[in-house]
Amino acid sequence: VIALIPSVIVSLLFYGWHAVIVLASSLFFCVATEYVVTKYLMKKPSTIGDMSAVVTGILLALNLPPTAPWWIAMIGAFVAIGVTKMTFGGLGQNLFNPAITGRVFLLISFPVIMTNWDPVKGFINAGFTGAVDATSGETPLEIVKEGLAQGLSLDQIYAKHGFDYMEMFFTNIGGSAGEISAIAILIGFIYLLARKVIRPHITLSIWATVIVFSGIFWLVDLLWMKDVTVYTDPLFQLLTGGVLLGSVFMATDYVTSPMSDKGGIIFGIGIGLITMLIRYFGSYPEGMSFAILLMNSTVPLINKFCKQKKFGRA
């Protein structure tokens with residue numbers, strides 16, 4: 001929760017009361033769903049004190065558009081907690097990441113609402129160079145994908161929409177509430193590493209895979225298609241969409257990720273590959289959520305193949 005505070009603060013500052021409503025709704029319904037299920041359906045003592053429902057509530061809110069209505073957060077919370085987590089028996093027994101599952105369910109069920117990135121008024125002026133005002137209701141990944149489909153080159157798309165990497169690093173230009181600031185996510189990542197809450201293997205292997213995969217396509221495109229480039233560079237792929245948010249806070253979830261370091265690397269490479277394949281060749285401009293869910297399903301097999309050394313054994 002502490003590591004998520006920078007991302008929460010930035011989202012509230014740039015999206016204002018819209019983000020407040022989404023965050024409050026997601027938190028309330030996630031905690032309430034877990035309380036009701038454990039207390040009245042499972043007939044067990046309440047587990048909301050372990051704060052896992054709070055973490056899921058924050059992550060779900062950060063994965064939603066700031067314009068999403070409160071009832072979208074309610075449905076997402078029910079799917080994340082009631083279906084994905086509690087149906088399997090509660091914390092430590094779910095196969096899939098709850099927040100990601102809630103988001104993907106909403107994306108498939110309510111695609112118009114979940115892809116509405118219209119600029120909203122925040123508590124501070126938009127971005128260092130008017131970032132939020134420049135979204136035009138689309139994310140950078142959507143803008144690039146649509147622009148290429150229309151026959152435009154990357155240079156033309158960049159010039160038309162004023163993409164700037166420094167701007168992307170500090171205040172992303174469009175996307176869910178938690179994707180607005182790469183620097184805020186990285187602050188949380190450093191905190192998690194310093195406190196030894198997570199290990200870096202999964203996150204770094206995702207980043208490395210995204211960089212290598214996109215770098216190969218970008219270099220080939222640059223060398224052989226000098227006049228019309230269609231593949232964006234690795235930095236663009238890292239700073240846009242949900243790569244940073246997903247790799248730091250959701251792919252590293254203890255319950256749904258491999259136990260060993262070797263397994264974590266395989267897990268991260270798989271997420272990076274699937275994400276890039278969807279981004280480059282799929283119908284969706286973003287693939288991080290789907291990649292994490294797909295790799296979640298392989299974790300039992302990865303754990304079986306990459307067994308953790310037993311305590312006390314060499």
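This is a predicted model: local features need pLDDT of at least 70, side-chain atom pairs count only at pLDDT 80 or more; totals for chains, interfaces and linings use all residues.
Two packed helices are described by the angle between their axes and the distance between the axes. In the model, helix α10, which spans residues 201-224, packs against helix α12, which spans residues 243-250. The angle between α10 and α12 is about 155°, and their axes are 8 Å apart. Angles over 145 degrees count as roughly antiparallel, and α10 and α12 are therefore roughly antiparallel to each other. The crossing of these two helices, α10 and α12, is right-handed.

A second pair is formed by α2 and α3, whose axes come within 10 Å and cross at roughly 135°. This angle makes α2 oblique to α3. The crossing of α2 and α3 is right-handed.

Leu 27, in helix α1, has a relative accessibility of 24% and so counts as partly exposed. The C-alpha atoms of Leu 27 and Val 55 are 8.4 Å apart in space, while the two residues are 28 residues apart in sequence. Ile 190 belongs to helix α9. With a relative accessible area of 56%, Ile 190 is exposed, since exposed means over 50%. A distance of 9.7 Å separates the C-alpha atoms of Ile 190 and Val 248, which are 58 residues apart along the chain.

The count of salt bridges comes to 3. One of them joins Lys 85 to Glu 34, with 2.7 Å between the closest N and O atoms. Lys 85 and Glu 34 are both buried.

Another salt bridge is made by the side chains of Arg 199 and Asp 261, at 2.6 Å from N to O. This pair links distant parts of the chain, 62 residues apart. Arg 199 is in the loop between α9 (182-194) and α10, whereas Asp 261 is in helix α13 (residues 261-281). Arg 199 has a relative accessibility of 42% and therefore counts as partly exposed. Asp 261, at 31% relative accessibility, also counts as partly exposed.

Glu 286 and Arg 279 form a further salt bridge, in which the closest N and O atoms are 2.9 Å apart. Both residues of this pair, Glu 286 and Arg 279, are buried.

Most residues other than glycine have a negative phi. Lys 43 is not a glycine, yet its phi is positive, at about 55°. This residue, Lys 43, lies in the loop between α1 and α2 (52-62). A relative accessible area of 65% means that Lys 43 is exposed. Met 51, likewise a residue other than glycine, has a positive phi near 70°. Met 51 is placed in the loop between α1 and α2. At 39% relative accessibility, Met 51 counts as partly exposed.

Terms used: Residues are numbered from 1 along each chain as its sequence is written. Side-chain values use heavy atoms; hydrogens and water are left out. Axes are lines fitted to C-alpha atoms, for helices over the stretch in contact, and angles run from 0 to 180 degrees between N-to-C directions. Helices (H or I, at least four residues) and strands (E, at least two) are DSSP runs, numbered from the N terminus. Angles under 35 degrees count as roughly parallel, over 145 as roughly antiparallel, 65 to 115 as roughly perpendicular and the rest as oblique. A crossing is left-handed if the near helix is turned anticlockwise from the far one by less than a right angle, and right-handed if clockwise. A salt bridge is a side-chain nitrogen of Lys or Arg within 4 Å of a carboxyl oxygen of Asp or Glu. Buried means under 20% relative accessible area, exposed over 50%, partly exposed in between (1.4 Å probe, protein chains only).
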